[in-house]
Amino acid sequence: MRAIWTLAHLTIHEALRRRVLLAVLIGGVAFLTLFGVGFHFIEADVSQKQTLVERRMILNMFLLAGLYAVNFLTAMTAVLLPVDTLSGEIASGVMQTLASKPVRRSAIVLGKWSAYVLVTCVYLLVMAGGVLLIGRVMGGVTPPNVSRGLPLMMLEVLVLVTLAIAGGTRLGTLTNGVMVFSLYGLAFIGGWVEQIGSFARNDAARYAGTAASLIMPTEAMWQLASHYMQPAIMRELQMTPFSPASVATPAMVVWAVGYVVVTLAIGLRAFSRRPL
């Protein structure tokens with residue numbers, strides 16, 4: 001455990017040295033500033049023209065839109081930050097030096113994985129917390145069941161970070177990035193195919209979307225999170241683009257957790273057998 005913690009600390013320090021985290025922070029501040037300005041003007045407009053119930057629904061929908069943007073930004077961060085942490089160091093020769101030390105290869109992978117999971121989860125909490133704080137302070141609204149929605153978004157982050165780390169044990173940086181983003185795109189399209197199929201009562205389309213979620217469960221986690229983080233009437237009447245017609249079951253959450261565990265185990269095994 002000490003070796004894992006040390007490598008995690010070094011990984012975070014390296015990210016700080018390269019100013020990657022600074023760039024992520026600046027982008028996050030810019031997003032929250034723009035969102036706050038937009039929320040202010042929308043809240044001022046709906047307060048004058050809409051009833052109290054309509055106002056809360058509109059503002060809740062806008063908060064969900066902000067959380068959707070946060071989910072997308074975090075997903076990109078979860079892929080781009082760790083995508084070259086193993087493959088890039090192998091190509092540069094740094095990994096050969098590190099692997100020659102009395103450190104298990106599994107500790108190297110777990111240390112880097114832990115560091116990037118921590119960074120991306122903190123980023124998600126800060127960004128989502130900023131969106132929720134803006135909604136609470138400016139509009140007096142907070143989406144329901146945030147305590148259920150945010151952990152599902154964090155699980156999505158775990159899937160992406162784990163895939164990027166595991167892919168880096170065997171693939172080059174570019175190939176690894178293309179693979180993870182392709183799977184993310186597959187999940188995104190599959191999620192919409194499932195929603196449209198459910199709305200149109202087309203079983204073939206719904207099954208195809210479910211199959212895509214099994215291959216890559218990221219979009220299913222967001223759909224379930226958005227399902228929880230909106231009032232019941234908005235869910236039942238499907239009043240917004242964030243009201244899924246088909247919602248993942250608890251079994252899909254278990255699948256996503258198992259997906260992370262199995263993918264990480266595959267990455268550990270692949271790295272332990274890779275010649276450096």
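How many of the 23 residues of α7 are buried? The count is 18, so helix α7 is mostly covered, with buried meaning under 20% relative accessible area, exposed over 50% and partly exposed in between (1.4 Å probe, protein chains only). Before the close-ups, a word on the source: this is a predicted model, where local features need pLDDT of at least 70, side-chain atom pairs count only at pLDDT 80 or more, and totals for chains, interfaces and linings use all residues. Residues are numbered from 1 along each chain as its sequence is written, and side-chain values use heavy atoms, with hydrogens and water left out.

View 1. Helices here are DSSP runs (H or I, at least four residues; strands are E, at least two), numbered from the N terminus. With 23 residues, α7 (residues 146-168) stretches 33 Å between its first and last C-alpha, close to the 33 Å expected at 1.5 Å a residue. That expected span is 1.5 Å times one less than the number of residues. Helix α12 (residues 250-273) has 24 residues and reaches 35 Å, close to an expected 34 Å. Buried residues in α12 include Met252, Tyr259, Leu264 and Phe271.

**View 2. Where α9 meets α12.** Two packed helices are described by the angle between their axes and the distance between the axes. For α9 (residues 203-215) and α12, the angle is about 35 degrees and the axes are 10 Å apart. The axes are lines fitted to C-alpha atoms over the stretch in contact, and angles run from 0 to 180 degrees between N-to-C directions. Ser213, Leu214 and Ile215 of α9 make the contact with Met252, Trp255 and Tyr259 of α12, contact being heavy atoms within 4.5 Å. Sorted by type, the residues of this contact are 5 nonpolar, 1 polar and no charged. Nonpolar covers Ala, Val, Leu, Ile, Met, Phe, Trp, Tyr, Cys and Pro; charged covers Asp, Glu, Lys and Arg; the others, Gly among them, are polar.

**View 3. Aromatic pairs.** The whole structure holds 6 aromatic pairs, meaning rings of Phe, Tyr and Trp (its six-membered ring) with centres within 6.5 Å; planes under 30 degrees apart are stacked, over 60 edge-to-face and the rest tilted. Phenylalanine 35 and phenylalanine 62 are stacked because their ring centres are 5.0 Å apart and their planes sit at 10 degrees. Since phenylalanine 35 is in α2 (residues 20-49) and phenylalanine 62 in α3 (residues 52-80), the pair ties together parts 27 residues apart in sequence. Phenylalanine 35 counts as buried, at 6% relative accessibility. Tyrosine 68 and tryptophan 222 make a tilted pair, 5.5 Å centre to centre with 55 degrees between the planes. This one links α3 to α10 (residues 218-228), so it ties together parts 154 residues apart in sequence. Tyrosine 68 is partly exposed at 27%, and tryptophan 222 is buried at 2%.

**View 4. Leucine 224 and its contacts.** Leucine 224 lies in helix α10 and is buried, at 3% relative accessible area. Neighbours within four places in sequence aside, leucine 224 is in contact with Leu152, Val247, Ala248 and Val253.

**View 5. Two loop residues with positive phi.** Asparagine 145, not a glycine, has a positive phi of about 60 degrees. Its place is the loop between α6 (105-139) and α7, and at 34% relative accessibility asparagine 145 counts as partly exposed. Arginine 201 also has a positive phi, near 60 degrees. Arginine 201 lies in the loop between α8 (173-199) and α9, and is exposed at 77%.
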